[in-house]
Amino acid sequence: PNNGGNTIGTEINLNLLYKLRVYMDLELHAAYLSLGDFYDSPVVNGNVNERPKDPWVLFASLKWIMF
C-alpha cells in the first residue's frame with residue numbers, strides 16, 4: 001500500500017507447561033507482535049494516520065484428557 005512497506009512484523013511466542021498429573025496439563029501462553037512498516041500506510045489502518053499499538057496476548061489453559 002501507499003506509504004507502507006513490505007514487513008508485516010515479527011511475532012514472539014512463549015509457552016510454559018506444567019504437568020499436574022498424567023493427562024492433566026496446566027499451560028501459560030504469551031505472544032507479542034512487533035508491527036512492521038506495512039502499518040505505516042493509512043490505507044491498512046482504516047484511513048487513520050496513526051500507527052496501531054503492538055498487539056499482545058496472555059492466557060492460561062487447563063488440559064485434562066479423560067477416557
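**Chatting through the model**

Modeller: Let's start with Y32, which sits in strand 2, covering residues 24–35. Keep in mind that this is a predicted model.

Biologist: OK! Is Y32 buried, exposed or partly exposed?

Modeller: Y32 counts as partly exposed, because its relative accessibility is 36%. For that label, a residue has to fall between the buried limit of under 20% and the exposed limit of over 50%.

Biologist: Which residues does Y32 touch?

Modeller: Setting aside residues up to four places away in sequence, Y32 touches T10, E11, I12, D54, P55 and W56.

Biologist: And what does the side chain of Y32 make a polar contact with?

Modeller: With the side chain of D54, at 2.8 Å.

Biologist: How far is Y32 from M66?

Modeller: Their C-alpha atoms are separated by 33 Å, and the two residues are 34 places apart along the chain.

Biologist: Let me zoom out. How many helices and strands are there in the protein?

Modeller: Zero helices and three strands. Going along the sequence, the pattern reads β-β-β.

Biologist: What's the radius of gyration, then?

Modeller: The protein has 18 Å, while a compact globule of 67 residues would have a value near 11 Å. Along the principal axes, the C-alpha atoms fill a box of roughly 55 × 20 × 20 Å.

Biologist: How much of the protein is buried?

Modeller: Buried residues are 15% of the 67 residues. As for the accessible surface, that comes to about 5600 Å², and 59% of it belongs to carbon and sulfur atoms.

Biologist: What share of the contacts comes from residues 24 or more positions apart?

Modeller: If you take the contacts with a separation of 6 or more, residues 24 or more positions apart account for 55% of them.

Biologist: Is D25 buried or exposed?

Modeller: D25 counts as buried, because its relative accessibility is 13%, and the limit for buried is under 20%.

Biologist: So what is in contact with D25?

Modeller: Leaving out neighbours within four places in sequence, D25 is in contact with L17, Y18, K19, S61, L62 and K63. One of these, K19, also makes a polar contact with D25, side chain to side chain, at 3.3 Å.

Biologist: Y18 is in that list. Where is Y18 placed?

Modeller: Y18 is in strand 1. Its relative accessible area is 52%, so Y18 is exposed.

Biologist: What does Y18 touch?

Modeller: M24, D25 and L26, again not counting residues up to four places away in sequence.

Biologist: Where does V22 lie, by the way?

Modeller: In the loop between strand 1 and strand 2. V22 counts as exposed because its relative accessibility is 67%.

Biologist: New topic: backbone angles. What is phi of N3?

Modeller: Phi of N3 is near 65°, which is a positive value in a residue other than glycine. N3 lies in the segment before strand 1, and that strand covers 9–21. N3 counts as exposed because its relative accessibility is 65%.

Biologist: And phi of N47?

Modeller: That one is near 60°, a positive value too, and N47 is likewise a residue other than glycine. You'll find N47 in the loop between strand 2 and strand 3, the latter being 56–64. N47 counts as exposed because its relative accessibility is 66%.

Biologist: Great, thanks!

Terms used:
Residues numbered from 1 in each chain as written. Predicted model: local features only at pLDDT ≥ 70, side-chain atom pairs only at ≥ 80, totals over all residues. Heavy atoms only, no water. Helix = DSSP H or I, 4+ residues; strand = E, 2+ residues; numbered from the N terminus. Rg over C-alpha atoms; globule rule 2.2 N^0.38 Å. Buried < 20%, exposed > 50% of the residue type's maximum accessible area, 1.4 Å probe, protein only. Contact = heavy atoms within 4.5 Å. Areas by Shrake-Rupley, 256 points an atom, 1.4 Å probe, with all protein chains shown as cover. Polar contact = N/O pair within 3.5 Å; in protein donor to acceptor, adjacent residues only side chain to side chain.
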